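Q: I have a structure open and would like to talk it through. Can we start with the terms?
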Amino acid sequence: MEGHPLALISSPSRRRGELGFAAVLLAVAGLCFVTAGDYPGASGTYPRVLSVLLGCGAIVVLARAWRQNGDNGRVPLMANPGRCLLGFAAMALYVIGIDLLGYILPSFALVVLLPLLLGYRDLRLTVLAALGGIGFILLVFAVILERPMPSDLFDPLLEMLR
Amino acid sequence: MIDALLSALPHVLAPANLFAVLLGTVAGLLVGALPGLTVTTGLAVLIPLTFGMDPLFALGMMAGMYNGGSYGGAIPAILLRVPGTPASVATLLDGYEMTKQGKAAYALQVAVVSGVIGSALSAVALIVFAPSLVKVSLMFGPAEYFWVALLGLATVASLLGDDFVKGLIAAVIGLLIGTMGTDLATGTERYTFGRLEFADGLDIVVLLTALFAVPPVIRMIETASHQGMSKDLLKLRKEGSVLRDWRRYLPVWSRSSVIGIIIGILPGAGGSMSCYLAYNDAKRRSPNPESFGKGNPEGVAASECGNGADNAASLIPALSLGIPGSGVAAVILGGLLVHGLRPGPQLFSDHPDVVYGFMLQMLLSAGLLMLVGGLAATRIFGQALRLPHVVLAPLILLFVAIGVYAVNNAMFDLYLLLGIGVFAYVMDQLDYPSAPIILGVILGPIAESQLSLALTISGGNPLALVSSPMSMIIVALTLFILCVPLWGMWKGRRSAA
């Protein structure tokens, strides 16, 4: 996996991660505080107090990370940022796929293709796992519990199952 | 009461009614174990199906589903770090750490035995103490509920992790998320951003799944291990028998059961709060509190026992007064009404066979849980861990996606899962604990609404909050819980100096 293109992406340092995340929290606290200003009476006071607390906490973390020096600050935030990005990209494509095509096809593609992209070559197991997992979910959610599923290309088939 | 119990016993032991309890327990385990499906959802699906059936058959299925679902949530929490129910978050803290150490089978064993003990004692409490304990719950008004919620929030001190500031930030994030939606006191919409989906706040199932399921899945993808867990690690008796170690767990079981039963009786306070309080108590009293959150089986025992003990106890005010102790108890009340059984004192006099039969079924289902949960479900679900991690990760995403979608049948929730999932992964990488967020989301709205109600009733007089002896007792308990870790820290520093 070392020669894999995904291994070439470098991770930001933990210190940068701490600084960035604390800055995001500070911005969120500011936004919550300003937004709560429009709420009347106690409806606004309570979230404003919480926003101040969140902002104070974020400032403490920012200050701590800012002062952090030496090797500790250079520790990478992620073990393998390339695969991490692949994971989130796969998740995003999966959700978009469900939205566009329904549940069955994107689920099958996810379980078969993601291990393949990560270097796992036992297609028999991945196809079996995909069919088993999807079959079990359809049996429980669609057939037994009759829960609505995302609108799917295979809707006529699901109707027959019900 | 003895006469009524003896009269109900033959009905409960009738083969059809026994089968109903077994069926309900299996269905409950399934519902609890699947993220996105809760016991409430399972019961809501079940109740219309029971219309026209014999009441004891229908109630038997409900009793089984309640106890089975309550334990079912622990299975994915321990094995996959995916909490099946909000109440299984405290179980996850030590359970998943045990799985990482190769003690998954033992963790599941601890969970099922502790859940059974809690559920059984809770059922006994329901049978024995129902009439007298109702009087205690009647002493609770808004001020007392406000303090109970604060008591629950005080347990956050035990969940903060190694970094106090980050733990506190997580708790405040939870409290802020808890303010989302319509403020019931004023009708003001807070942080809804004009979206109807946020009118009732952020859905707890979406939040739970994003916080606890997404980070480990991404980490599995990052590690890309082609190996699964060894078969040997999943042998239930490999690490010994929990029942043989009963002396170790007895104090945790006793205290957690009492906590779960008391919290269960208090309307609106049950469910997740009992397992957090039980977990906090076990950690506080342990000679090695630092081992909690790092794979201490007593953490799993306390959480699951507290969770199980809450079940039948939440039915005490539900059956006697028609006031549900939890959301699930509220749905069961609906189930009783479907069968023409109106909860209240008359239920006990008009239908003793049914009401005492139902109580016995709660006890029976706790026993069946050991058989179905310990011997069958645990073994079947445990096999999931034998899959290579690169295959297991996308499979978990399949269950997570359908579970999240099933809550509101909305694609919006899946996009929300993705967004919160990224946030949760970064938080996890930076060692921000996730459990305080959940506690804040659950208890924040209770504390805020009860405080507002108490102040409205008293005409804005804050002294009303501490005017009853019950309030004072809960305040003292809260202060005690908050002060113990500070006292420990002070003592530690003094001895170090």
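A: A residue is buried if 20 or more other C-beta atoms lie within 10 Å of its own, exposed if 12 or fewer, and partly exposed in between, with C-beta atoms placed from the backbone. This is a predicted model, where local features need pLDDT of at least 70 and side-chain atom pairs count only at pLDDT 80 or more, while totals for chains, interfaces and linings use all residues. Residues are numbered from 1 along each chain as its sequence is written, and chains are lettered from A and ligands numbered from 1 in the order in which they are written.

Q: What percentage of chain B counts as buried?
A: Of its 497 residues, 60% count as buried.

Q: How many helices and strands are in chain B?
A: Chain B has 22 helices and two strands. Helices (H or I, at least four residues) and strands (E, at least two) are DSSP runs, numbered from the N terminus.

Q: Switching to I134(A): where is it?
A: I134(A) is in helix α6 (residues 123-144) of chain A. With 19 C-beta neighbours inside 10 Å, I134(A) counts as partly exposed.

Q: And what does I134(A) contact, leaving aside neighbours within four places in sequence?
A: I104(A), S107(A), F108(A) and, from the other chain, L398(B).

Q: Now α1(A) and α2(A): at what angle do they cross?
A: The axes of α1 (residues 14-36) and α2 (residues 41-67) of chain A cross at roughly 160 degrees and come within 8 Å. Axes are lines fitted to C-alpha atoms, for helices over the stretch in contact, and angles run from 0 to 180 degrees between N-to-C directions. α1(A) and α2(A) are therefore roughly antiparallel to each other, a term for angles over 145 degrees.

Q: Which residue classes make up that contact?
A: The residues of the contact of α1(A) with α2(A) are 18 nonpolar, four polar and three charged.

How values were computed:
Parallel < 35°, antiparallel > 145°, perpendicular 65-115°, else oblique. Nonpolar A, V, L, I, M, F, W, Y, C, P; charged D, E, K, R; others polar. Contact = placed C-beta atoms within 7 Å.
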